[in-house]
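Welcome, and please take a moment to look over the model below.

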Amino acid sequence: MVKPSRSYRVFQGVNGVILTIVVLVTLYPFVNILARSFSGERQIRAGEVTLLPKGFNLTTYEIVFQDSMFWRNYGNTVLYTVVATVIAMVLTTCYAYVLSKKHLKGRGVLVGIAVFTMFFTGGLIPNYILVTSLGLKNSVWAIALPNAISVFNLLVMKAFFENLPTDLEEAAQIDGLNTYGVLLRIVLPLSKAVVATMVLFYSVSFWNSWFSAFLYMDRTDLMPVTVYLRNLIQGATGGGNAGAGTEQLSQVGANIQAVTIVLTALPILCVYPFVQRYFVSGVMLGAVKG
């Protein structure tokens, strides 16, 4: 075994120190936000909260959790995220698999159409008119269909599929599998890393999305939790907050932003560790040709 040189050990030490500083700088805002969400109004406004809560207070959490509309909107968010992610994954996977076939006639045109939409869109008003005219308003389809394919995700999956051995697909076709059978039984089992990565990308995007629902949903009971929390920040709170006293409203105003960040980010943070091991390999394998 070759003993590391002195210069290499110095490099490792410096690299470790730098990375540790980067991690601490990255974590500090999250820890600070969590501490603020549990802190009292006076301590927050005085700037006394750093890493630990000061004047421990659960008023804002209690007000939010006691509102039935919060739970209704939270359920809507779960539904919209699941449905939209499934639709997006089906469409993106099929489109990417087709584009990965270099013998496909018109392949360049299909790639060009996809890339074109990265730089040019129909605009807000035409999109609104289209969704309304199709009767999609006040439904999950208004959120899922207009954002069903991310071109960036599409190109990453396309590059990944291009790197898969063609011999496997040819052997499967000789054994009698059709195109759909090859995709479902050969390609997708070999693509767990990129599929898990795309699921994470899409689910985070749909979970955090609020503008589509704000634009296409007219009923409060159909809104996702992101819109509910946005309204809470702006003071347009639900019935559960209407009777709150002045002291409670003052406390809510002090840490509502921190509470909303915690409530919206927590589910994704809980899911991320289970797909993190696929994350790096999924992106890299789809981005590097070997």
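In what kind of crossing does helix 9 pass helix 10? The crossing is right-handed, a term used when the near helix is turned clockwise from the far one by less than a right angle, with anticlockwise being left-handed. This is a predicted model, in which local features need pLDDT of at least 70, side-chain atom pairs count only at pLDDT 80 or more, and totals for chains, interfaces and linings use all residues. Residues are numbered from 1 along each chain as its sequence is written, and side-chain values use heavy atoms, leaving out hydrogens and water.

**The whole protein**
- The secondary structure comes to 15 helices and 0 strands; these are DSSP runs numbered from the N terminus, with helices (H or I) of at least four residues and strands (E) of at least two.
- Of the 290 residues in the protein, 36% are buried (under 20% relative accessible area; exposed is over 50% and partly exposed lies in between, with a 1.4 Å probe and protein chains only).
- Among contacts (heavy atoms within 4.5 Å) between residues at least 6 apart in sequence, 73% join residues at least 24 apart.
- Carbon and sulfur atoms hold 67% of the accessible surface, which comes to about 17200 Å² by the Shrake-Rupley method with a 1.4 Å probe.

**Helix 9 and helix 10**
- Helix 9 (residues 166-174) and helix 10 (residues 179-187) pack at an angle of about 125°, and their axes are 10 Å apart.
- The axes are lines fitted to C-alpha atoms over the stretch in contact, and angles run from 0 to 180 degrees between N-to-C directions.
- Helix 9 and helix 10 are therefore oblique to each other, since angles under 35 degrees count as roughly parallel, over 145 as roughly antiparallel, 65 to 115 as roughly perpendicular and the rest as oblique.
- Leu168, Glu169, Ala172 and Gln173 of helix 9 make the contact with Val182, Ile186 and Val187 of helix 10.

**Alanine 213**
- Alanine 213 sits in helix 12 (residues 211-216) and is buried, at 2% relative accessible area.
- Apart from neighbours within four places in sequence, alanine 213 touches Ile143, Met223, Pro224 and Val227.
- Threonine 226 is 13 residues away along the chain from alanine 213, and their C-alpha atoms are separated by 9.1 Å.

**Asparagine 138**
- Asparagine 138 lies in the loop between helix 6 (124-133) and helix 7 (141-144).
- The phi of asparagine 138 is near 60°, a positive value in a residue other than glycine.
- Most residues other than glycine have a negative phi.
- Asparagine 138 counts as partly exposed, because its relative accessibility is 29%.
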